[in-house]
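Welcome! Please take a moment to look over the sequence and the 3D view below, and then let us walk through them together.

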Amino acid sequence: MAEQDLRAAQGSEEMLNSGLSSSSGALPSAQVRRSDRRDYRLLHALAVGCFFVVSLATRLLPRSLRPFACAASGPESCLAEARRMADAVIPYAFEW
């Protein structure tokens, strides 16, 4: 039983240390990029979902009163409008 506990503790310690650089304690840049990419995709998906609801709700208003309607383009689907709004807003979250 003590051997299993010792092996489990060593295994969990190796898992914790496997992503860390031995010299500085920082994450490798490839792992940071993957994490940022995953965070961006998750945030983008959530924003598109929220803006999709907003786009559906604003369709009840005349086009001239819609706050996010693109004046230069023709008709746009609700999903395309939601993606456009998310693409305009999300980069500010990663600016800092």
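Let us begin with a single side chain. Phe 52 is partly exposed, because its relative accessible area is 31%, a value that falls between the 20% limit for buried and the 50% limit for exposed. You will find Phe 52 in helix α2. Leaving out residues up to four places away in sequence, Phe 52 touches Cys 78, Leu 79 and Ala 82. Another residue to look for is Arg 83: along the sequence, Phe 52 and Arg 83 are 31 residues apart, yet from C-alpha to C-alpha the separation in space is 8.0 Å.

Now step back to the whole chain. Please keep in mind that this is a predicted model. How many helices and strands does the protein chain have? There are three helices and zero strands, and reading along the sequence gives the pattern α-α-α. The protein chain has 96 residues, and buried residues make up 15% of them. Its accessible surface comes to about 7,600 Å², and carbon and sulfur atoms account for 62% of that surface.

Helix α2 spans residues 29-58 and helix α3 spans residues 78-89; their axes come within 8 Å and cross at roughly 130°. That angle is why α2 counts as oblique to α3. The crossing in which α2 passes α3 is right-handed.

Which residues of the two helices meet? On the α2 side they are His 44, Ala 47, Val 48, Phe 51, Phe 52, Ser 55, Leu 56 and Thr 58, while α3 brings Cys 78, Leu 79, Glu 81, Ala 82, Arg 83, Met 85, Ala 86, Asp 87 and Val 89.

Is His 44 buried or exposed? With a relative accessible area of 18%, His 44 is buried, because the cut-off for buried is under 20%. Neighbours within four places in sequence aside, His 44 is in contact with Ala 86, Asp 87 and Ile 90.

The next stop is Thr 58, which also has its place in helix α2. Thr 58 counts as buried, because its relative accessibility is 10%. Setting aside neighbours within four places in sequence, the contacts of Thr 58 are Arg 66, Pro 67 and Glu 81.

Finally, have a look at Leu 46, another residue found in helix α2. Leu 46 counts as exposed, because its relative accessibility is 52% and the cut-off for exposed is over 50%. How far apart are the C-alpha atoms of Leu 46 and Ala 86? They are separated by 9.0 Å, although the two residues are 40 residues apart along the chain.

Note on methods. Residues are numbered from 1 along each chain as its sequence is written. This is a predicted model: local features need pLDDT of at least 70, side-chain atom pairs count only at pLDDT 80 or more; totals for chains, interfaces and linings use all residues. Side-chain values use heavy atoms; hydrogens and water are left out. Helices (H or I, at least four residues) and strands (E, at least two) are DSSP runs, numbered from the N terminus. Buried means under 20% relative accessible area, exposed over 50%, partly exposed in between (1.4 Å probe, protein chains only). Accessible areas come from the Shrake-Rupley method with a 1.4 Å probe; for residues, only the protein chains shown count as cover. Axes are lines fitted to C-alpha atoms, for helices over the stretch in contact, and angles run from 0 to 180 degrees between N-to-C directions. Angles under 35 degrees count as roughly parallel, over 145 as roughly antiparallel, 65 to 115 as roughly perpendicular and the rest as oblique. A crossing is left-handed if the near helix is turned anticlockwise from the far one by less than a right angle, and right-handed if clockwise. Contact means heavy atoms within 4.5 Å.
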